[in-house]
Amino acid sequence: MDLRELSQLLEPDPMDLELVRVIQGGLPLVAHPYASIAGELGITEAEVMRRLERLLETGDIRRLGVVVRHRELGYRANAMVVWDVPDERVSEIGRLLGRQSCVTLCYRRPRRSGRWPYNLFCMIHGRDREGVLRNLDQLIDSCNLGWIERDVLFSLRQFKQRGAKYISERDGSTQQDRSITLGAS
Amino acid sequence: MVAQKETILDRPLNALERRLLNDFQDGFPLTPRPFQTIAERVGSTENDVMRTLRQLQSQRLISRVGPVFRPNRVGASTLAAMEVPMERLEEVADIVSSYGEVNHNYEREHRLNLWFVVTAADRESLNQVLKEIEAASGLEVIDLPMIEDFYINLGFPLQWT
């Protein structure tokens with residue numbers, strides 16, 4: 001078992017959770033951001049950097065850096081492409097799709113009998129609809145996916161979009177009533 | 001509620017902005033002065049790097065400089081879908097968006113036309129939100145939680161035109 005698998009089985013360290021709470025909205029854009037976080041947590045700058053390094057190693061933090069807003073940068077179209085892959089091949093094909101540069105998310109999800117037949121979901125972004133469809137065609141071609149039943153769900157109106165609040169503190173919260181979630185969808 | 005207003009980029013990006021947007025989505029330096037480290041790599045100054053990032057953030061081109069977490073490490077989340085009659089879509093989208101547990105809520109082109117992500121402290125609270133949305137809308141919510149994450153790419157490659 002590697003570090004990534006192991007870490008998923010362990011309860012998160014309380015100081016790591018504090019660190020997540022402090023940085024989830026972004027690092028402070030100041031000359032010494034880690035020292036500033038350290039001051040807030042009452043630990044040393046070196047420990048902040050060590051903990052971040054460790055969370056990156058375990059994959060609890062998938063990446064650390066600039067989080068861009070696709071729509072505002074002109075990538076206005078995004079399609080959720082869903083596939084009905086035979087269960088015994090879904091991991092193999094999921095990993096293949098997850099490696100393609102135009103794919104930004106790739107998840108296995110359950111089918112729902114009679115209402116939803118697809119078990120593999122990926123997100124493809126593009127400047128416009130045509131760009132997304134071109135990327136999809138190339139993807140189908142290069143990965144040889146033409147035989148898999150699929151559907152393309154373009155997004156229309158965006159009713160709500162915000163970064164997930166991973167740890168929210170309700171009024172007068174204690175450790176117990178603090179709701180904690182990591183990651184979206 | 002109507003669809004969220006978008007600000008679309010209406011000016012060319014300069015070379016520093018492009019590099020910051022494209023090259024630092026991953027691997028942000030874990031050094032005491034990370035903006036200085038970035039400045040050295042891109043041939044700029046620490047102040048210019050910090051100022052540019054602040055501007056990109058205030059212009060809503062970046063949401064933050066920070067972490068992206070692995071899904072479902074703690075707590076519970078799901079992707080949910082509903083088939084909403086067109087004339088009720090805004091009303092039902094409003095109900096859905098009113099929950100603090102909902103962070104994305106989109107109309108999509110499909111028979112199932114409303115898609116949203118719900119995150120909560122645990123599966124029980126998550127189910128409660130889904131049940132309440134069903135009760136308030138009188139419509140079925142299809143719950144599609146993630147089973148496995150295959151995403152390997154880091155960041156999003158931008159193409160400048």
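At what angle do helix α2 (residues 34-42) of chain B and helix α3 (residues 46-58) of chain B pack, and how far apart are their axes? The angle is about 105 degrees, and the axes are 8 Å apart. That makes α2(B) roughly perpendicular to α3(B), a term for angles of 65 to 115 degrees. Axes are lines fitted to C-alpha atoms, for helices over the stretch in contact, and angles run from 0 to 180 degrees between N-to-C directions.

This is a predicted model: local features need pLDDT of at least 70, side-chain atom pairs count only at pLDDT 80 or more, and totals for chains, interfaces and linings use all residues. Residues are numbered from 1 along each chain as its sequence is written, while chains are lettered from A and ligands numbered from 1 in the order in which they are written.

In chain B, the α2 side of the contact is B:Phe35, B:Gln36, B:Ile38 and B:Ala39. The α3 side is B:Glu46, B:Asp48, B:Val49 and B:Met50. Contact means C-beta atoms, placed from the backbone, within 7 Å.

Chain A has a perpendicular pair too: α2(A) and α4(A). Here A:Met15, A:Asp16 and A:Leu19 meet A:Val48, A:Arg51 and A:Leu55.

| Helix pair | Angle | Axes apart |
|---|---|---|
| α2(A) (residues 14-23), α4(A) (residues 45-58) | about 95 degrees | 11 Å |
| α2(B) (residues 34-42), α3(B) (residues 46-58) | about 105 degrees | 8 Å |

**Chain A fold**

Chain A has six helices and seven strands. These are DSSP runs, numbered from the N terminus: helices are H or I, at least four residues, and strands are E, at least two. Their order along the sequence is α-α-α-α-β-β-α-β-β-α-β-β-β. Of the 185 residues in chain A, 32% are buried, meaning that 20 or more other C-beta atoms lie within 10 Å of the residue's own.

**Cores**

A nonpolar core is a set of buried Ala, Val, Leu, Ile, Met, Phe, Trp, Tyr and Cys residues joined through C-beta atoms within 7 Å. The largest has 28 residues. Those with the most contacts inside it are A:Val66, B:Leu20, B:Val49, B:Leu53 and B:Val65. Both chains contribute: α2, α3 (33-41), α4 and β1 (61-68) of chain A, and α1 (15-23), α2, α3 and β1 (62-69) of chain B, each supply at least two residues. B:Leu53 touches A:Leu29, B:Leu20 and B:Val65, leaving aside residues up to four places away in sequence. Another core, of 23 residues, lies apart from the largest one. Among its members are A:Ala79, A:Met80, A:Val82 and A:Leu153.

Note on methods
Parallel < 35°, antiparallel > 145°, perpendicular 65-115°, else oblique. Contact = placed C-beta atoms within 7 Å. Buried ≥ 20, exposed ≤ 12 C-beta atoms within 10 Å, placed from the backbone.
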